[in-house]
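Here is a walk through one protein chain, taken a piece at a time. Keep the sequence and the 3D view side by side as you read.

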Amino acid sequence: MSARVVVTDVETTGLGRTDRVVEIACVTVDLDHGIIDEWSSLVNPMRDISQGVTSIHGLDATHVSAAPTFDEIEPLVTHSLQAGVVAGHNVAFDVRMLEHEYERLGTHIEIDGWCTMHAASAIGAGGRTLATCCDAIGLEMVPSHDALGDARAAALLMLAILERNPAMAAEIHELAALHKSVPYAGRGALPRTYPRITAESHRTDEYLRSLI
């Protein structure tokens with residue numbers, strides 16, 4: 001099996017320890033062949049989402065009310081995170097928020113992430129935001145603060161960085177070679193996901209029904 005990296009991104013109710021994940025995406029990258037798999041889901045945080053946070057990622061209570069809770073989707077999250085080296089843009093934040101979710105379930109998880117923000121800075125990309133780093137390296141950035149869009153962009157940014165920096169490429173290949181993927185250990189099928197596009201479709205349908 002080729003070396004694999006799982007690029008993840010989360011959107012949350014805020015930045016604190018008591019805040020919750022409201023959206024997660026995982027994009028699996030084969031370092032020899034590029035993006036080979038991806039999924040995303042909204043997550044019901046079982047708490048309010050403030051208007052200030054909604055103005056950043058566009059998600060409110062009506063988006064997540066029908067979404068699975070984190071404990072319902074945890075087997076899929078765990079399966080994905082164990083599929084390869086974990087990476088992301090400012091990955092320390094994503095990892096911290098995921099670790100807090102696992103703590104609430106009584107589970108301790110440690111994830112050593114490879115950060116595209118730090119890597120881009122190291123090769124002189126300038127700036128720190130995902131959009132700035134992508135622009136500096138010549139990648140067209142999708143709208144920000146959408147978990148799947150950001151995870152895809154971070155994956156492409158990672159591949160571009162590795163192409164430009166052989167030392168970093170050797171480092172992440174070595175990490176991936178040492179990583180052992182863990183087969184899905186859950187019972188039955190993987191949990192359902194509830195992507196943002198599904199929630200938007202439902203909101204549109206409900207709005208049209210209200211007009212009728």
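Q51 counts as exposed, because its relative accessibility is 73% and the cut-off for exposed is over 50%. Bear in mind that this is a predicted model. Q51 sits in helix α1, which covers residues 51-57. Now find T13. Along the chain, Q51 and T13 are 38 residues apart, yet 9.9 Å separates their C-alpha atoms.

Is S40 buried or exposed? S40 has a relative accessible area of 8%, so it is buried; the limit for buried is under 20%. Leaving aside residues up to four places away in sequence, S40 touches I24, A25, L148, T193, Y194 and P195.

Helix α3 runs over residues 70-81. Its twelve residues would reach 16 Å in a straight helix at 1.5 Å a residue, but the end C-alpha atoms are only 14 Å apart. The buried residues of α3 are F70, I73, L76, V77, T78, S80 and L81.

α8 has 13 residues and spans 18 Å from first C-alpha to last, close to the 18 Å expected at 1.5 Å a residue. Which residues of α8 are buried? They are M168, A169, I172 and A176. Viewed down the axis of α8, these buried residues fall within an arc of 100°, so they line one face of the helix. The reason lies in helix geometry: an α-helix has 3.6 residues a turn, so residues three or four places apart point the same way. The face of α8 turned away from the buried side carries exposed P166, A167, E174, A177 and L178. Cover for the buried residues of α8 includes β1 (4-12), β4 (85-88), β5 (114-115), α5 (116-122) and α7.

Two packed helices are described by the angle and the distance between their axes. The axes of α7 (residues 147-164) and α8 (residues 166-178) come within 5 Å and cross at roughly 120°. That angle makes α7 oblique to α8. On the α7 side, M158, I161, L162 and R164 make the contact; on the α8 side, P166, M168, A169 and I172 do. By class, this contact has seven nonpolar residues, one charged and no polar.

Definitions and conventions: Residues numbered from 1 in each chain as written. Predicted model: local features only at pLDDT ≥ 70, side-chain atom pairs only at ≥ 80, totals over all residues. Heavy atoms only, no water. Axes fitted to C-alpha atoms, helices over the stretch in contact; angles between N-to-C directions. Helix = DSSP H or I, 4+ residues; strand = E, 2+ residues; numbered from the N terminus. Parallel < 35°, antiparallel > 145°, perpendicular 65-115°, else oblique. Contact = heavy atoms within 4.5 Å. Nonpolar A, V, L, I, M, F, W, Y, C, P; charged D, E, K, R; others polar. Expected span 1.5 Å × (residues − 1). Buried < 20%, exposed > 50% of the residue type's maximum accessible area, 1.4 Å probe, protein only. Arc of directions from axis to C-beta.
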